[in-house]
Amino acid sequence: MRVSFEFFPPRTAQGRTNLTRTAARLRSGSPEFFSVTYGAGGSTRDRTSEAVLTLREAGFNTAPHLSWGEDTAAAIEHRIADYLRMGVNRIVALRGDIPAGTGSPSGVRYAQELVRQIRQSFGDDIHIEVGCYPEVHPDAPSPDADVAFLKHKVDAGANSCITQYFYNPDSYFYFVERCRKQGIEVPIVAGIMPITNYEGLTRFSDNCGAEIPRWIRLRLLAHKDDPESLRAFGADVVTSLCARLLDGGAPGLHFYTLNKAEPTEAILRSLNLMQEAPPVRSVAET
Ligand code: FAD
């Protein structure tokens, strides 16, 4: 079973220092890698690279997210070559979110093209992760087409898939079954979003097409003005979700950490997936 943690790139040097601290805490969850997101249309191009470099220099396996945005193939290759020099050997290849204000997705290049480009230019040196959507990507013409397009990404050379987050485990199991029937055989790792607040989560979920089941939404609403009880409820719900996923054969968990250690730590601890630091021994004991 593999665990990975996703970060977004900080804006400041202090933010990067905090990120290294967060990564150091989460190291006790034995992650296979930390990933760093890439802003819509390449808006965090340099910040993503800086965060990846910071994490690499601190000794963490790190996987940058990447999408075409407005870049040329040469610019993309150059960026990947830089990453390889940093010791990166894994990339999360995406179409990317469409930048706000640009309207329809016309002219956007699908993730499949990026996967193909990476494979053609860099052979098998890079492990490629791609995104997938148990509750169906909002732009997909149909659920079947969404799975068919995922198959194209895998056929183009993706090694494994990470799902959008979801709170209904059956949506994941049903999706994996459909993927297997379509001949997608690579691991499908479950994306997990810890629950820490009501407004942010509901707004983001409505945008990305992730469903919050009604019973969870109502309970969150009831805890809305009591952050501590909301977090405790959220940790319970997400821990049970992870336990069901792992019992049902999910090959791994990818946490959308939002650069915070505590919510993810709480879940991993409840799942007994956190190695506790050895107790500090006093001088008298030694
Ligand atoms: P694609 O696989 O290209 O698919 C996009 C849509 O187009 C789908 O609806 C698909 O069904 C459809 N499609 C695919 N191929 C075709 C085709 N040939 N013809 C017609 N339709 C087609 N966004 C960011 O901006 N930055 C990030 O760092 C980031 N990280 C993410 C990490 C994970 C694990 C996930 C799951 C998502 C992430 N996202 C990120 C969000 C993602 O970029 C958006 O969901 C985006 O809208 C789709 O990206 P994709 O790579 O899955 O797209």
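## A salt-bridge network

Arg 2, Glu 32, Arg 90 and Glu 129 are linked in a network of salt bridges, a salt bridge being a side-chain nitrogen of Lys or Arg within 4 Å of a carboxyl oxygen of Asp or Glu. The model is predicted, with local features requiring pLDDT of at least 70 and side-chain atom pairs counting only at pLDDT 80 or more, while totals for chains, interfaces and linings use all residues. Residues are numbered from 1 along each chain as its sequence is written, and side-chain values use heavy atoms, with hydrogens and water left out.

Arg 90 lies in strand 4 (residues 90-93) and Glu 32 in the loop between helix 1 and strand 2, so the pair ties together parts that are 58 residues apart in sequence. Arg 90 is buried at 10% relative accessibility, whereas Glu 32 is partly exposed at 36%; buried means under 20% relative accessible area, exposed over 50%, and partly exposed in between, with a 1.4 Å probe and protein chains only.

## The barrel and its helices

Eight strands form a closed barrel in the order 1-2-3-4-5-6-7-8, with parallel pairing, and the twist averages 25 degrees from one strand to the next. Strands (E, at least two residues) and helices (H or I, at least four) are DSSP runs numbered from the N terminus, and two strands pair if DSSP finds at least two bridges between them. Strand 2 (residues 33-36) and strand 3 (residues 62-66) pair in the parallel sense over three bridges, with Val 36 opposite Pro 64 in strand 3.

Helix 6 (residues 169-181) packs on the sheet and touches strand 5 (127-132), strand 6 (160-163) and strand 7 (188-192), its direction making about 155 degrees with that of strand 7. Helix 9 (residues 227-247) also packs on the sheet, touching strand 7 and strand 8 (252-256), and its direction makes about 175 degrees with that of strand 7. Contact here means heavy atoms within 4.5 Å; axes are lines fitted to C-alpha atoms, for helices over the stretch in contact, and angles run from 0 to 180 degrees between N-to-C directions.

## Other salt bridges

The structure holds 18 salt bridges, among them one between Glu 265 and Arg 25 at 2.6 Å, N to O. Glu 265 lies in helix 10 (residues 262-270) and Arg 25 in helix 1 (residues 13-26), so this pair ties together parts that are 240 residues apart in sequence.
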